[in-house]
Amino acid sequence: MRFALLHSPLVGASCWRAVVADFAERGIWAAAPTLPAWDQLEAPYYPALAASVAEQIALMHPVVLGVHSGAGSLAASIVAAANGGVSQVIFVDAILPHPGRTWFETASPVLGDSLRAKVVHGQVPAWDQWFPEGALAATLPEGTTRETFVSELTPTPLAYLEETAPELDLPGDMGWAYLRLSKAYEDEAKVARGQAIPTLRLARHHLAMMTHADEVASALVNLVRGDHG
């Protein structure tokens with residue numbers, strides 16, 4: 001059992017650090033690939049981001065790919081780019097693949113309108129500025145963990161959020177599962193459950209892998225083993 005745990009393109013790789021450490025204590029191999037900075041990429045972004053992840057996990061095959069939040073958009077592209085290197089995908093409070101649609105088409109109209117109104121020089125603000133003041137503080141206690149997380153946040157190109165996802169979905173024989181951390185992703189969990197996909201729910205919050213790493217790690221292992229209630 002080997003895990004590659006991918007952060008959303010909107011945040012940094014430190015969000016998975018505690019889970020990687022927890023797995024290490026259990027004797028389970030895990031790594032957290034890092035997506036390249038936006039200024040190191042050119043559109044189209046989906047294949048560029050997927051190629052970077054595929055390259056980083058090339059020597060780790062096969063892996064269970066855990067995708068958090070916005071990284072769910074990249075899952076199908078990564079699986080294709082990895083050319084058989086991904087054995088299973090677990091969506092962790094993540095949006096599901098949306099071939100032929102943009103990120104904006106997956107978001108609520110209210111959030112979409114809010115972000116478009118904040119665009120400066122072709123970029124939307126860093127992720128922590130998408131929400132009311134104090135929202136992040138209510139999730140992550142003040143300290144080194146939060147400071148590191150915030151230090152990794154950067155503005156996101158509007159072009160990425162407007163880019164149409166490739167016409168790719170997970171292969172029909174690709175096993176996948178869903179781990180819901182927060183109520184905000186209940187709709188996605190219901191989609192998975194409705195397709196008889198292994199699904200687990202934790203009553204935590206969107207960044208629970210940073211504050212409740214043991215619970216998230218155990219849930220991931222249970223989903224791989226098929227122990228999902």
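Okay, some housekeeping. Because it's a prediction, local features need pLDDT of at least 70 and side-chain atom pairs count only at pLDDT 80 or more, while totals for chains, interfaces and linings use all residues. Residues are numbered from 1 along each chain as its sequence is written, and side-chain values use heavy atoms, with hydrogens and water left out.

Let's start inside. In soluble globular proteins, nonpolar side chains tend to be buried together. Here, the largest nonpolar core has 83 residues. By nonpolar core I mean buried Ala, Val, Leu, Ile, Met, Phe, Trp, Tyr and Cys residues joined through side-chain atoms within 4.5 Å. Buried is under 20% relative accessible area, exposed is over 50%, and partly exposed is in between, using a 1.4 Å probe and protein chains only.

Which residues have the most contacts inside that core? They're V89, L179 and L220. Helix α11, residues 213-225, gives the most to this core, with seven residues. When I say helix or strand, those are DSSP runs numbered from the N terminus: H or I for helices, at least four residues, and E for strands, at least two.

Have a look at L220. Leaving out residues up to four places away in sequence, L220 touches F3, L5, W16, V19, F23, I90, V92 and L179. A contact here is heavy atoms within 4.5 Å.

Now, charges. Side chains of opposite charge can pair when their charged atoms come close. We call it a salt bridge when a side-chain nitrogen of Lys or Arg is within 4 Å of a carboxyl oxygen of Asp or Glu. How many salt bridges does that rule give? The count comes to five, and I'll show you some of them.

Take D22 and R26, whose closest N and O atoms are 2.5 Å apart. Both sit in helix α1, residues 17-26, four residues apart, so about one turn of the helix. D22 is buried, at 13% relative accessibility, whereas R26 is partly exposed at 36%.

Then there's E162 with R116, at 2.8 Å between the closest N and O atoms. This pair links distant parts of the chain: E162 is in helix α8 (158-162) and R116 in helix α5 (109-117), 46 residues apart. Both count as partly exposed, E162 at 37% and R116 at 42%.

Next come R180 and E186, whose side chains meet in a salt bridge at 2.8 Å, N to O. Salt bridges with shared partners join R180, E186 and R201 into one network. Are R180 and E186 buried or exposed? R180 is buried at 11%, and E186 is buried too, at 17%.

The peptide bond from A43 to P44 is cis, with omega near 0 degrees. P44 lies in the loop between β2 (29-31) and α2 (45-56). There's also a cis bond joining H61 and P62, with omega about -10 degrees, and P62 lies in the loop between α2 and β3 (63-68).

Finally, positive phi. D93 isn't a glycine, yet its phi is about 45 degrees. You'll find D93 in the loop between β4 (86-92) and α4 (103-106), buried at 0% relative accessibility. H121, again not a glycine, has a phi of about 55 degrees. H121 is in the loop between α5 and β5 (123-124), and H121 is exposed, at 81%.
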